[in-house]
Amino acid sequence: MESLCIVGNGGVSTCQAFTRLDTTRVGSRPRAQLGFGCFVRERYKYGNLVIARSGRSEVGNSKDGNFAVENEKEEKRGGLILGPERDSSGSVIGFNLIPPSGDGGVLESHEDATTGGTEEADIEGAEKVQTRVTYNIVFVTSEAAPYSKTGGLGDVCGSLPIVLAARGHRVMVVSPRYLHGGLADKNFAGASELDCHIKVYCFGGEQEVAFFHEYREGVDWVFLDHPSYHRPGNPYGDSQGAFGDNQFRFALLCHAACEAPLVLPLGGYTYGEKCLFLVNDWHAGLVPVLLASKYRPYGVYKDARTILVIHNLAHQGVEPAVTYTNLGLPSEWYGALGWVFPTWARTHALDTGEAVNLLKGAIVTVDRILTVSKGYAWEITTVEGGYGLHELLSSRRSVLNGITNGIDIYEWNPSSDKHIASNYSVDDLSGKVQCKIALQKELGLPIKPDCPMIGFIGRLDYQKGIDLIRWATPELLEDDVQFVMLGSGDPLYEDWMRATESTYKDKFRGWVGFNIPISHKITAGADILLMPSRFEPCGLNQLYAMRYGTVPVVHGTGGLRDTVQAFDPYSKGGLGEGTGWIFSPLSKESMLAALRVAIMTYRDHKSSWEGIMKRGMVRDSTWENAAVQYEQVFEWAFIDPPYIN
Ligand SMILES: Nc1ncnc2c1ncn2[C@@H]1O[C@H](COP(=O)(O)OP(=O)(O)O[C@H]2O[C@H](CO)[C@@H](O)[C@H](O)[C@H]2O)[C@@H](O)[C@H]1O
């Protein structure tokens, strides 16, 4: 117990007792980079108020014990709280706690943010406790599971918001209310219409939109309602291809998402102007452009920040330049979105290649950029991975970070999964073979519990390396293996899957369609999950597979390389380490070679195989791990002024 003077608004307001609750050491950089010691954080209880105080030890190479002594000394010398720091609305957002040396370091990460270049080391070292600063966070996304999902974007925007809310943030997710006229429409049944219709100006007129809302698992799920979201198909298209008015549909989403924190009194209060927009992929790319061009010039959202999360750079929302006037942006902002196709990509000699690119607009106006793995964060700054935006992305490298996705460990849990035939866990794997047998039965394959079963789940497109699978399948199926694929997408590959199934009746099954229960059954029933992705920003299926003891064989790219550890039978004195196989280059030969080693290990080295399975099953893929790193980036975003003021 000690006493501390609390000075507020220029005068000593009171002197009261306070108690130190705990002292923790905050993740530190290598000393050589910083030239000073590690940061420490202490928490104090003052009446009902808990105050976090951060400072740094001057003895960088102190052992933990020395840190305690150091801070004990500092504490004895006493410190001052120089009053609350308030935002423009008068809300208290922090306390200026200054030790007598004047070396306060209340916001240690401010220094981190200005040094640049090595932030990733700090992201990983961030504390794994409840966050100290909370934000009003607005996710803007074209899909969020379980309401809408065509792939990994839906998974991420369906689970990360819940984890952030549980960590104390106020979180809203704004997404369209798709009604396709099928069973999936019931996903929105829990959302009720809010008494708030607004008009947004774009596409040559006023567009009236409504909002639906469901408060679930601590998150405000806000669904934007407009007739253009009500049609058969999926969020982006139908059997005829992509919808022709997607630019309109997602521009509408962005306009409305900018209004939502200002106009929706969720739980009685709006989110307000001081919020953090997390804009996902091109569909949400207009949000930072709108803030910069239409709100901040009028004094609105001056204290908001925006972070672009890139899940897939291959999709950028590119449309002819003439469509710019539809977007509801001031004409002088054309340069932000204007983009010129390289000469080789133009359609004819008179084509000037001029276009508007919504993702590019976001990249040049947003405060910070995140991708879903570190490997991909680097790849998008290269010619090969940058899809024409590598130079722009490189120019913003100082605010670009990669954070590997987590997974929903409740939905993807082999010991409680309702979709699979038999539950199992790392302590009792016996149910896994039952899942395989059940899958063989369901698919009409010969029941062979010992036959290696390879699985594939994903969109049938160029990104996922389906062409490679197609070339390799005849050779692969010469062996005594079974191969099960689930996917939809390019009709060429859908037809190929059907044809292959009829050629290899005893060995191959191709399930064309999008089916979540089947994806769980394959993840549990297969022994090997194949992911020969050409590029993969993160990849979730390999994470699900590892959690289910299904061994991934992946191409060494992006998040696949970051998350799968190559099996090495000789390490650890012959005990082995690693969670799967990584092949490179992306060729039929190297993929088949990796699969053959995996199959041989499955057949002939049972204990090694079990080791690989178990290491994968206990790997930490939780969202908590990623959420802590997200919070570090949030802090950095608010330390810097808005990129475009
Ligand atoms: N036919 C089908 N039936 C049922 N379920 C199916 C399915 N096809 C795919 N899925 C499911 O959709 C999700 C796909 O996630 P991925 O991360 O593998 O890829 P995607 O390319 O969509 O995501 C993009 O965004 C995510 C999220 O950031 C990144 O991980 C990824 O690298 C990037 O390409 C998984 O949950 C998978 O099970």
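Predicted model: local features only at pLDDT ≥ 70, side-chain atom pairs only at ≥ 80, totals over all residues.

Visitor: OK. Where is Pro585, then?
Guide: Pro585 sits in the loop between β26 (581-583) and α18.

Visitor: What kind of peptide bond joins Ser584 and Pro585?
Guide: A cis one, with omega about 0°. Ala145 and Pro146 are also joined by a cis peptide bond, with omega about 5°. Pro146 is in the loop between β7 and α5 (152-166).

Visitor: Is cis the rule or the exception?
Guide: Most peptide bonds are trans.

Visitor: Back to α18. Which residues in α13 meet α18?
Guide: Leu468, Ile469, Trp471, Ala472, Glu475 and Leu476. Their partners in α18 include Met591, Leu592 and Leu595. The residues of this contact divide into 9 nonpolar, no polar and 3 charged.

Visitor: How do the axes of α13 and α18 cross?
Guide: At roughly 50°, and the axes come within 10 Å. That angle makes α13 oblique to α18. The crossing is right-handed.

Visitor: New topic. What is the strand order in the open sheet?
Guide: The order is β9-β10-β11-β8-β7-β14-β15-β19-β20, which makes 9 strands with mixed pairing.

Visitor: Which strands stand at the edges?
Guide: β9 (192-202) and β20 (400-402). Each has a single partner strand, so one side of each has no neighbour in the sheet. The twist averages 25° from one strand to the next.

Visitor: How many bridges join β9 to β10?
Guide: There are 8, and the two strands run antiparallel. Ile198 stands opposite Val209 in β10.

Visitor: And what packs on the sheet?
Guide: Helix α6 (residues 246-263) does, touching β7, β8, β9, β10, β11 and β14. Its direction makes about 120° with that of β9. Helix α7 (residues 286-295) lies across β7, β14 and β15, at about 140° to β14.

Visitor: What about the loop between β9 and β10?
Guide: Phe203 is found there. Phi of Phe203 is near 50°, a positive value in a residue other than glycine.

Visitor: Why remark on that?
Guide: Because most residues other than glycine have a negative phi. Tyr387 has a positive phi too, near 45°. Tyr387 lies in the loop between α10 (374-379) and α11 (390-395).

How values were computed: Residues numbered from 1 in each chain as written. Heavy atoms only, no water. Pairing = 2+ DSSP bridges. Helix = DSSP H or I, 4+ residues; strand = E, 2+ residues; numbered from the N terminus. Axes fitted to C-alpha atoms, helices over the stretch in contact; angles between N-to-C directions. Contact = heavy atoms within 4.5 Å. Parallel < 35°, antiparallel > 145°, perpendicular 65-115°, else oblique. Left-handed = near helix turned anticlockwise from the far one by under 90°. Nonpolar A, V, L, I, M, F, W, Y, C, P; charged D, E, K, R; others polar.
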